[in-house]
Amino acid sequence: SRSKEESEKEEGFKLLGILDVQRIPCARNAILHGAGGSLTTGMLYFLATSRVRRSFDVGFAGFMLTTLGSWFYCRINNAKLRVQQRFIQEGIKNKIVYEGSVLDPINKPKAENPSGPS
Amino acid sequence: MAHPSQLGFQDAASPVMEELLHFHDHTLMIVFLISTLVLYIIMAMVTTKLTNKFILDSQEIEIIWTLLPALILILIALPSLRILYLMDEVNDPHLTVKALGHQWYWSYEYTDYNNFGFDSYMVPTQDLTPGQFRLLDVDHRMVIPTESPVRVLITADDVLHSWAVPSLGIKMDAVPGRLNQTAFIVSRPGIYYGQCSEICGANHSFMPIVVEAIPLKHFENWSTLMLENS
């Protein structure tokens, strides 16, 4: 029964049977922001116009736009972080390799002050 | 490796597979939103009382449902092409291994420095020891160093085979009389499983691929041992 529980946890929760919001980075936040955005836009439109059906349409459009916006914003930031992480990893690896050698950037002699015109 | 009733990808063990996973997430979100939109439209169409049997043209919506799919396709195509060209890069490999497909086993040759090679047969089910995986484990694994670009030259001895390791994001056909090249870097030590991916006869399902990635120092020890034994 324990392995069954573990496998159920591993399966996660999939929206429409395809989108695993627990495992995919940024998915959960995007959907939650989308839900909040759709509620907000739908309610505001309804308060302004009292048109029920159209409010649902506006709310749905708000869901799409908010989800997409939050998704792309989060993914772009994640991508930038991943690039930085790779640079740092390379730097750490090279630091260990070059430490104490001629190529160690810490040991580089400082540039001398250029002499003024005679 | 894969676990029972798995639907998604295996965890990535190479940078290329990581990029493929990210691209898959990106595309899946777009697919999810399109599915949600279609569902919503279906519900709206089924429940509306507004019907007009005599509409002749509607320029605005035609423009929208032409431009929007084009935009979506561009959003999917650009990262896809980026990864496609990324997969073709071969950056000065440290090691070249030749993988030959036979009926029904793989053989691997390490010919860079000193010549040695070995066959890799599936462990039969009746000979499995505790901890080994049925239909996946082999008697001799292909061993490679971690964090080193490795080039694999793939060919076949008899019929078509295909050398595939999902967690490394690799699949390449083994064609008799042709050398196909692929390259990869394994990010972390481990054992990665794959299976022949081109129908090749009766035992097509019983010629798995196992890649063992170990640190360079241990790889040097292993290759010395293999040379002594060959």
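Predicted model: local features only at pLDDT ≥ 70, side-chain atom pairs only at ≥ 80, totals over all residues.
## The annotated span of chain B

## Two domains in chain B

Chain B is divided into domain 1, residues 15-88, and domain 2, residues 95-229. The contact between them takes four residues from domain 1 of chain B and six residues from domain 2 of chain B. The C-alpha centres of the two domains of chain B are 40 Å apart.

Together, domain 1 of chain B and domain 2 of chain B bury about 340 Å², with 56% of that area on carbon and sulfur atoms. The side of domain 1 of chain B that touches domain 2 of chain B has three nonpolar residues, one charged residue and no polar residues. Between domain 1 of chain B and domain 2 of chain B there are zero salt bridges.

## The interface of chain A and chain B

Chain A brings 25 residues into contact with 22 residues of chain B. About 2100 Å² is buried between the two chains, and carbon and sulfur atoms give 67% of this area. On the chain A side, A:Leu16, A:Arg53 and A:Phe60 lose the most area to chain B; together they make up 24% of what that side buries.

Two salt bridges are found across the interface of chain A and chain B. One of the salt bridges joins A:Arg75 to B:Asp25, where the closest N and O atoms are 3.8 Å apart. The interface of chain A and chain B also has seven residue pairs in polar contact, counting pairs with both residues at pLDDT 80 or more.

## Elements on the chain A side

Three elements of chain A each supply at least two residues of the side that touches chain B: strand S1 (14-15), helix H2 (27-49) and helix H3 (52-98). The largest share of that side, 14 residues, comes from H3(A). By class, the side of chain A that touches chain B has 16 nonpolar, one polar and eight charged residues.

Methods:
Residues numbered from 1 in each chain as written. Chains lettered and ligands numbered in written order. Heavy atoms only, no water. Domains from an automatic or database assignment. Contact = heavy atoms within 4.5 Å. Buried area = accessible area lost by both parts, 1.4 Å probe. Salt bridge = Lys/Arg side-chain N within 4 Å of Asp/Glu carboxyl O. Nonpolar A, V, L, I, M, F, W, Y, C, P; charged D, E, K, R; others polar. Polar contact = N/O pair within 3.5 Å; in protein donor to acceptor, adjacent residues only side chain to side chain. Helix = DSSP H or I, 4+ residues; strand = E, 2+ residues; numbered from the N terminus.
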